[in-house]
Amino acid sequence: MNTARAEKTAPAEKPPRGAGGFVRRPRVITGSVLRTGAGGLSVRVRGRALAVTAVILVALCAVALVSLATGDYELTLSEVLRALAGQDTGGADFIVNTLRLPRLLTALAVGAALAVSGALLTSLTGNALGSPDIIGFTNGSAVGALVVIILMHGSMTQIATGALIGGLATAAAVHLLMLGRGLQGFRLVVIGIGVSALLLAVNSYLITRATFQEALEAQAWLIGSLSNRGWTHANAILLACAVLLPPAFLLSRRLAMVEMGDLTATALGVDVTRTRAVLLLVSVALAAFATAVTGPIWFIALAAPQLARRLTRTAGPALLPAALTGALLLAGSDLAAQRLFAPALLPVGTATGTIGGLYLIWLLITESRKSRA
């Protein structure tokens, strides 16, 4: 009886509380954990995310094969595979490896780069609208590239350098405008929209200062296109992805902790300031190199990360599904632009802009309903 009375009168254990006295509920994470033999490396595998990633990868392979096989000169699947394996030295080899494959690889790499860039920024800002094309980083990269194209008549390497400088300068300007106010998502988006509008005016001014031919080329580049993309463009963006994507994937676990809040992430041993700085630099660089290769391609960075999160239903940034989704969206949009509107040469930027505009309207309506609720 005494024991029962003591259990009844003993105070219940209080749940842990975070900063400000709010109850901190544990984050429920499901899935299986794979570890190495020594236990030094562990990876959490979620069944739904793995299945969705596999489906996207299969769809991506299908789109790639259709892109390589169809066009003005139709090829069979066996001809495409032989050309890719280097077993065909005739017309199929030239069509696949010289004309179509560089364009396809450029689309895949640019789509993945933009998607990962958008996923990093939306996670860092905590806002679904925090993508490089909304905040203004893409327009900043476009300004740097246009300066090289119109004023310096530079090469592909110089254009990429100019785009990178323009994107980094824009990120620095946005950071200075928010200095002392914290990295709050809504404020960052509003400031970014203002900076983006200013940079868009600079782009228009640069075009007015160009010759007629330069203005036509610059305006065509600003739409965003994959036409006439060769191995120079493909190698440039593939090299950029090979350098920038691994740090993003390696820091994705820290990014998931940063999403839980600065105090929680710091308590878990994450250097929040350094993590934010490195991931912001990676995000800007990915968007800058993608813009340098194809011009500004809108809404891939905005739509792909959100679609990947909704499909996988993961709480974290889901960088790998986002990269595959971005690659699929851009390659699929380019395929549709080439085949559905043939013989007209429709830039892929118009297709992604149309799809992304509809998605943005839906996203704004959804966020408005959530805020009212």
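Guide: Helix 3 (residues 77–84) gives the most to the nonpolar patch, with 3 residues. The model is predicted, so local features need pLDDT of at least 70 and side-chain atom pairs count only at pLDDT 80 or more, while totals for chains, interfaces and linings use all residues. Residues are numbered from 1 along each chain as its sequence is written, and side-chain values use heavy atoms, with hydrogens and water left out.

Visitor: What makes L65, L77, L81 and L84 a nonpolar patch?

Guide: Patches take residues with over 30% relative accessible area and no salt bridge; nonpolar side chains (Val, Leu, Ile, Met, Phe, Trp, Tyr) are joined within 5 Å, like charges within 9 Å. A salt bridge is a side-chain nitrogen of Lys or Arg within 4 Å of a carboxyl oxygen of Asp or Glu. L65, L77, L81 and L84 together have about 330 Å² of accessible area, a value from the Shrake-Rupley method with a 1.4 Å probe, where for residues only the protein chains shown count as cover.

Visitor: Why is L84 called partly exposed?

Guide: Buried means under 20% relative accessible area, exposed over 50%, and partly exposed in between (1.4 Å probe, protein chains only). L84 has 39%, so L84 counts as partly exposed. L84 is found in helix 3; a helix is a DSSP run of H or I of at least four residues, a strand a run of E of at least two, numbered from the N terminus.

Visitor: Why is A113 called buried?

Guide: A113 has 0% relative accessibility, and therefore counts as buried. A113 lies in helix 4 (residues 91–125).

Visitor: Which residues does A113 touch, not counting those up to four places away in sequence?

Guide: A113 touches I237, C241, L286 and A290, where contact means heavy atoms within 4.5 Å. A113 and C241 are 128 residues apart in sequence, but 6.6 Å apart in space, C-alpha to C-alpha.

Visitor: Why does N228 count as exposed?

Guide: N228 has 75% relative accessibility, so N228 counts as exposed. N228 lies in the loop between helix 9 (212–223) and helix 10 (231–250).

Visitor: What is the phi of N228?

Guide: Most residues other than glycine have a negative phi. N228 is not a glycine, yet its phi is positive, about 60 degrees. A318, also not a glycine, has a positive phi near 55 degrees.

Visitor: Is A318 buried or exposed?

Guide: A318 has 16% relative accessibility, so A318 counts as buried. A318 is found in the loop between helix 14 (300–312) and helix 15 (319–340).
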